[in-house]
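Subject: Structure for your review

Dear colleague,

Please find below the structure, together with its sequence. My notes on it follow.

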Amino acid sequence: MIPVILSGGSGTRLWPLSRAGYPKQFLGLTEEQTLFQLTAARLAGLNGNAPVRPLVVCNEGHRFIVAEQLREKGLSAHAIVLEPVARNTAPAIAAAAVTAMADGQDPVLLVLAADHAIPDTAAFHETVRAGLSAAEAGKLVTFGIVPTAPETGYGYISVANRIDAAAPVAPMAVQAFVEKPDLQTAQGYLEGGRHLWNSGMFLFKASAYLQELERFAPAIARAAREAVEKGKKDLDFVRLDAEAFATSPEDSIDYAVMERTDKAVVVPLRAGWSDVGAWNAVWEVSAKDAQGNAFRGDVVAHEVRNSHVHAEHRLVSVLGIQDVVVVETADAVLVASKSRVQDVKKIVEKLKADGRSEASAHRKVYRPWGAYDSIDHGDRYQVKCITVKPGEKLSVQMHHHRAEHWIVVSGTAKVQIGDKEILLSENQSTYIPLGVIHALENPGKIPLELIEVQSGAYLGEDDIVRFSDRYGRVG
């Protein structure tokens, strides 16, 4: 069995913590580990004592985040497949299936989202194993969450008979996939006992999925095969061919296959599952105090009830409120009624329409070599705090419109300026003139931290001409 982790979402309903450049799956929303790391760690033990190496499908721009978060947990990937464009889940899973079969094998694929919370790992394992025989026999297995409330934000799966909590976990025939209902209909589903939440998790042989895709959406199957065949290895990544993958229709696995196939079965799952889709869901799965509050970070509260407060960078004080969400980041603060958090995406849409960078990027930006934090800026200057991981190096580059001053705060910097190379230690500095080729490297054993002061007529990140880059970046 090869787990496939789909990590392509942007999580706009969890703004301002989740943004396109660093979405919710890479955040520690409920505990210190990120949702992506928890998803990968949850796989341990599924193949007995054999190590589990997931196949990850992700946005090209997130490739180094995925690799780093796996490395932090001591995990390795079967492959990290890079989507050049977003085409929804059906093409992404197709590319994963073709990649998994590249060595002539036909593995069972366990398809998971990177951003779900499943607290009961033992129940999750039991449910996956319950569906394995059906998957090996050619069925397309999905997992339905036994509902605990009349939820209107999920699609549903209907089955013929009532779901018996005392019965052993086993596959059931799917009667129909149902769109998100209104509240009255959802209440009827809950009371009727024959509907499950559609979790978006699947278990099937790679060949079985591709065969059904050929039947119902051949253009998707064809594009995925061509994208993998014409793709190439890049460091530890599999780059799908951009032109071939872009020809694929954009469709979900539900619409493309599961709602049309006669091979679908569903296994009920009771494991505390949540898709952590909005701030009220984060509150629901978080530890709470006696007043029903979930606090993260430096929070001081008085007479507050049933609220979620997340402080990232400073003290947040709250007084006399209930059923409210407060989220503080370095460059944005959200205050919302807990009943209205599904509409946070409307704020993001407005920010995008206004051309605001806060819609998609944090003040702190992660790179394969480390990170930078834009701590101040003006019309002709910008100040950044740069952290370079031990042994890493920024690209050899130059700028047409800006000069830079570097001041080392801690660690050791190896600096190339034109044909000269120097070493800088704590409290030492240097100057990079406009138009001069330069590079920065951390040759030491501890992180390098420095302050960069940029000055010039244009300070955009696209004013970089790269001459060489160990991470394969161009431009």
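Threonine 39 counts as buried because its relative accessibility is 1%; buried means under 20% relative accessible area, exposed over 50% and partly exposed in between, with a 1.4 Å probe and protein chains only. The model is a predicted one, in which local features need pLDDT of at least 70 and side-chain atom pairs count only at pLDDT 80 or more, while totals for chains, interfaces and linings use all residues. Residues are numbered from 1 along each chain as its sequence is written, and side-chain values use heavy atoms, with hydrogens and water left out.

Threonine 39 belongs to helix α1 (residues 35-41); helices (H or I, at least four residues) and strands (E, at least two) are DSSP runs numbered from the N terminus. Its side chain reaches the backbone oxygen of alanine 114 at 3.2 Å. Apart from neighbours within four places in sequence, threonine 39 is in contact (heavy atoms within 4.5 Å) with Ile5, Leu112, Ala113, Ala114, Asp115 and His116.

Helix α2 (residues 63-72) is largely enclosed by the rest of the structure, because 7 of its 10 residues are buried. These buried residues are Arg63, Phe64, Ile65, Val66, Glu68, Gln69 and Leu70. Their cover includes α1, β2 (55-59), β3 (79-83) and β10 (237-239). After α2 comes glycine 74, which has a positive phi, near 70 degrees.

Two helix pairs involving α3 remain to be described. The axes of α3 (residues 89-100) and α7 (residues 218-229) come within 9 Å and cross at roughly 50 degrees; axes are lines fitted to C-alpha atoms, for helices over the stretch in contact, and angles run from 0 to 180 degrees between N-to-C directions. The two helices are therefore oblique to each other, given that angles under 35 degrees count as roughly parallel, over 145 as roughly antiparallel, 65 to 115 as roughly perpendicular and the rest as oblique. On the α3 side the contact is made by Ala90, Pro91, Ala94, Ala95, Val98 and Thr99, and on the α7 side by Ile220, Ala224, Arg225 and Val228.

The axes of α3 and α6 (residues 206-216) also come within 9 Å, crossing at roughly 135 degrees, and this pair is therefore oblique as well. Here Ala90, Ile93, Ala94, Ala97 and Val98 of α3 meet Ala206, Tyr209, Leu210 and Leu213 of α6.

Yours sincerely

How values were computed:
Polar contact = N/O pair within 3.5 Å; in protein donor to acceptor, adjacent residues only side chain to side chain.
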